[in-house]
Amino acid sequence: MTMTQETESPAGGRQQKVQAAEVGLGVLKALAELSPSTSLSKLAEHLGMPPSKVHRYLQALIASGFAEQDAVNNHYGLGREALQVGLASLGKLDVLKVSAPWLASLRDELDQTCFLAVWGNKGPTVVYVEPSMGAVTLVTQIGSVLPLLSSSTGLVFDSFLAQGETALLREQETPRLSADQLHEVERHIKQIRATGVHQIQGMLMPGINIP
């Protein structure tokens, strides 16, 4: 009996590790589905798991950089490492392969930094950059998440995505803007929908024009 237990123990340990990994990935996936952030209780309800169990997995994900906790409201969201994994996956998409030479050509023609952004879990996310060689270089890093209502890139996404896709970010950013600024946002959106392009000055960085 003792020999049987010793023989089965390693297999049982491996099975437990596999199950733990599956649960951890489930928590990570739920964070993505509830992004940009969520409370512990809502996350536990979404997973159908006890909050105490979810909390243990969250602590492990935070320690490894795959999750993070907001110090103000204690909500949880995806961490930097999760973003890097997502960007690596996006790197396999044909859109990056197709757009890279066009961005380089546009950068050379305009002598301005050009970048490609896609809609990610936290909003407009920079996934490719062609930096300018000019005297003034605007450094936009891969992985940067741009605001929805105060960046030209964000406004373009807000103009053409379904309202449900941008509703949460709109709800978060709207209180930070004055009535006049919100009026300007709506004016910009009408302009973008009419022309398909956009240029702003000083919304994200004062004095910087961003087409």
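# Briefing on a predicted model

Strands β3 and β4 run antiparallel and are joined by seven bridges. They belong to a predicted model of a protein with eight helices and six strands. Buried residues account for 31% of the 211 residues in the protein.

**Overall layout**

- Among contacts in the protein with a separation of 6 or more, 44% are between residues 24 or more positions apart.

**The β3–β4 hairpin**

- β3 and β4 form a hairpin, with two residues between the strands.
- In this pairing, G120 stands opposite G123 of β4.
- β3 covers residues 114–120 and β4 covers residues 123–130, and K122 lies in the loop between them.

**Helix α3**

- Helix α3 takes in residues 51–63, and its end C-alpha atoms are 18 Å apart.
- That distance agrees with expectation, because 13 residues at 1.5 Å a residue should span 18 Å.
- V54, Y57, L58 and L61 are the buried residues named in α3.
- Seen down the helix axis, the buried residues of α3 fall within an arc of 105°, so they line one face of the helix.
- R56 and A63 are exposed, on the other side of α3.
- After α3 comes G65, which has a positive phi, near 85°.

**Salt bridges: the count and the E68–K122 pair**

- The model contains six salt bridges, counting a side-chain nitrogen of Lys or Arg within 4 Å of a carboxyl oxygen of Asp or Glu.
- One of them pairs E68 with K122, with the closest N and O atoms 3.1 Å apart.
- E68 counts as partly exposed because its relative accessibility is 40%.
- K122 also counts as partly exposed, at 28% relative accessibility.

- R107 and E130 form a salt bridge in which the closest N and O atoms are 3.1 Å apart.
- This pair links distant parts of the chain, since R107 is in helix α5 (residues 94–110) and E130 is in strand β4, 23 residues apart.
- R107 and E130 are both buried.
- A network of salt bridges links R107, D108 and E130.

**Salt bridges: D158 and R170**

- The side chains of D158 and R170 meet in a salt bridge, at 2.9 Å from N to O.
- D158 lies in helix α6 (residues 152–160) and R170 in helix α7 (residues 163–173), so the pair ties together parts that are twelve residues apart in sequence.
- D158 has 5% relative accessibility and therefore counts as buried, the cut-off being under 20%.
- R170 has 22% relative accessibility and therefore counts as partly exposed.

Conventions: Residues are numbered from 1 along each chain as its sequence is written. This is a predicted model: local features need pLDDT of at least 70, side-chain atom pairs count only at pLDDT 80 or more; totals for chains, interfaces and linings use all residues. Side-chain values use heavy atoms; hydrogens and water are left out. Helices (H or I, at least four residues) and strands (E, at least two) are DSSP runs, numbered from the N terminus. The expected span of a helix is 1.5 Å times one less than its number of residues. Buried means under 20% relative accessible area, exposed over 50%, partly exposed in between (1.4 Å probe, protein chains only). The arc is that of the directions from the helix axis to the C-beta atoms. Two strands pair if DSSP finds at least two bridges between them. Contact means heavy atoms within 4.5 Å.
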